[in-house]
Amino acid sequence: MLVLADAIDQMNRAVANVVKWLALIMVLVQFCIVIGRYVFGFNSIAAQESVLYMHATLFMLGAGFTLLVDKHVRVDVVYAKVSDLTQRRIDLFGHLFLLIPSMTALLYWSWPSVRNSWKILEGPISVGGIEAVFLLKSLIPAFCVLILLQSLSILVRMFHEEART
């Protein structure tokens with residue numbers, strides 16, 4: 001099972017290594033948009049939408065890696081003050097009863113919209129925008145799958161750690 005966990009971790013690392021470059025590209029594109037608009041009086045809705053697409057891709061596909069390295073946002077004031085055993089129990093509860101069910105529900109309820117978007121190859125958000133909303137919507141199930149897989153990897157490691165002790 002640890003081989004599976006390692007493979008999932010490696011996949012999320014690989015995805016993160018690709019999408020991390022979107023942060024730099026996004027800044028450069030936004031800089032060009034601002035220069036184009038205020039210096040040359042040129043505006044491109046497609047260029048503006050490309051920043052939105054890159055931003056969504058960066059965060060949606062990078063979320064699995066964020067979970068892997070345990071850098072997601074915690075709003076738990078109790079967590080930092082409890083023992084390691086209690087932290088593991090909180091994590092286990094969170095994965096089994098909050099994260100996995102919510103990602104499964106999001107995947108289930110978003111799938112019809114994504115499927116329909118692909119059927120019609122849904123066009124731009126704005127006139128003159130990028131004609132690929134179907135790709136943008138596809139980030140939702142991809143996000144869910146990456147998070148679910150990373151959660152599985154974390155649970156495998158938790159149970160392996162418990163079995164060793």
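**Helix packing and a pocket**

H2 passes H3 in a left-handed crossing. A crossing is left-handed if the near helix is turned anticlockwise from the far one by less than a right angle, and right-handed if clockwise. This is a predicted model, where local features need pLDDT of at least 70, side-chain atom pairs count only at pLDDT 80 or more, and totals for chains, interfaces and linings use all residues. Residues are numbered from 1 along each chain as its sequence is written, and side-chain values use heavy atoms, leaving out hydrogens and water.

Start with the pair H2 and H3. Helices are DSSP runs (H or I, at least four residues), numbered from the N terminus. H2 covers residues 21-38, and its axis lies 9 Å from that of H3, at an angle of about 160 degrees. Axes are lines fitted to C-alpha atoms, for helices over the stretch in contact, and angles run from 0 to 180 degrees between N-to-C directions. H2 is therefore roughly antiparallel to H3. The cut-offs are under 35 degrees for roughly parallel, over 145 for roughly antiparallel, 65 to 115 for roughly perpendicular, and oblique for the rest. Among the contact residues are Ile-25, Met-26 and Val-29 of H2 and Val-51 and Met-54 of H3. Contact means heavy atoms within 4.5 Å. By class, this contact of H2 with H3 has 10 nonpolar, 5 polar and 1 charged residues. Ala, Val, Leu, Ile, Met, Phe, Trp, Tyr, Cys and Pro count as nonpolar, Asp, Glu, Lys and Arg as charged, and the others, Gly among them, as polar.

Now step back to H1. The axes of H1 and H2 come within 5 Å and cross at roughly 15 degrees. H1 and H2 are therefore roughly parallel. Asn-17, Val-18 and Val-19 of H1 touch Trp-21, Leu-22 and Ala-23 of H2.

H1 (residues 2-19) also packs against H5 (residues 133-164), at about 140 degrees with axes 9 Å apart. The two are therefore oblique. Their crossing is left-handed. In H1, Ile-8 and Met-11 are among the residues that meet H5, whose partners include Leu-149 and Val-156.

A pocket is an open set of points on a 1 Å grid over the protein atoms alone, where a 1.4 Å probe fits, with protein on both sides within 12 Å along at least five of seven lines; lining residues have an atom within 4 Å of a point. The lining has 29 residues, with Leu-67, His-72, Arg-74, Asp-91 and His-95 nearest the centre. H4 gives the largest share, 9 residues.
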